[in-house]
Amino acid sequence: MREEILGKLNAYIAAQILRDPAKTLAGDEPLISSGIIDSFNLVDLAIFAEDTFGVHLDDMELNADHFDTLDQLVDLILARLG
């Protein structure tokens, strides 16, 4: 399940945000703090995650403390899935 979620998030970021579908991001690569994702992209990514995985992400979690890497985002989604 973890790898499936990671793959879908990676594909979304590569295609929709980076506009480079061939790009692969490492699970521990900083997204927000490195500038790969800005605040506008962050909201889009959160909406994608909520719609795709059927989870709710709190607005307070949309920051580099909770959401800076794909691994953190996957952990958050898995926690919501129970």
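A search of the whole structure finds one aromatic pair, where rings of Phe, Tyr and Trp (its six-membered ring) pair if their centres lie within 6.5 Å. The pair is formed by Y12 and F48 and is stacked, at 4.1 Å centre to centre with 15 degrees between the planes; planes under 30 degrees apart count as stacked, over 60 as edge-to-face and the rest as tilted. This is a predicted model, in which local features need pLDDT of at least 70 and side-chain atom pairs count only at pLDDT 80 or more, while totals for chains, interfaces and linings use all residues. Residues are numbered from 1 along each chain as its sequence is written, and side-chain values use heavy atoms, with hydrogens and water left out.

**Aromatic pair**

- The pair links distant parts of the chain, 36 residues apart: Y12 is in helix α1 (residues 2–17) and F48 in helix α2 (residues 39–53).
- Y12 is buried, its relative accessible area being 16% (buried means under 20% relative accessible area, exposed over 50%, partly exposed in between, with a 1.4 Å probe and protein chains only).

**Fold and dimensions**

- The chain has four helices and zero strands; helices (H or I, at least four residues) and strands (E, at least two) are DSSP runs, numbered from the N terminus.
- From the N terminus on, the order of elements is α-α-α-α.
- The radius of gyration of the chain is 11 Å, close to the 12 Å that the globule rule gives for 82 residues, so the chain is as compact as a globular protein of that length. The radius is taken over C-alpha atoms, and the rule is 2.2 Å times the number of residues to the power 0.38.
- Along the principal axes, the C-alpha atoms of the chain fill a box of roughly 30 × 25 × 20 Å.
- Among the contacts in the chain with a separation of 6 or more, 57% are between residues 24 or more positions apart; contact means heavy atoms within 4.5 Å.

**Surface and charge**

- Of the 82 residues of the chain, 37% count as buried.
- The accessible surface of the chain is about 4600 Å², and 52% of this surface belongs to carbon and sulfur atoms. Areas come from the Shrake-Rupley method with a 1.4 Å probe; for residues, only the protein chains shown count as cover.
- The chain has 5 positive and 16 negative charges, whose mean positions are 5 Å apart. Lys and Arg count as positive and Asp and Glu as negative, with His and the chain ends not counted; each charge is placed at NZ of Lys, CZ of Arg, CG of Asp or CD of Glu.

**Residues in helices**

- N41 is in helix α2 and is buried, at 19% relative accessible area.
- Not counting residues up to four places away in sequence, N41 touches I17 and I36.
- N41 and V74 are 33 residues apart in sequence and 17 Å apart in space, C-alpha to C-alpha.
- A79, in helix α4 (residues 70–81), is exposed, with a relative accessible area of 56%.
- A separation of 9.4 Å lies between the C-alpha atoms of A79 and V55, 24 residues apart along the chain.

**Loop between α1 and α2**

- G27 lies in this loop and counts as buried, at 15% relative accessibility.
- Leaving aside neighbours within four places in sequence, G27 is in contact with T69, L70 and D71.
- R19 lies in the loop between α1 and α2 and is exposed, with a relative accessible area of 60%.
- R19 has a positive phi of about 60 degrees although it is not a glycine. Most residues other than glycine have a negative phi.
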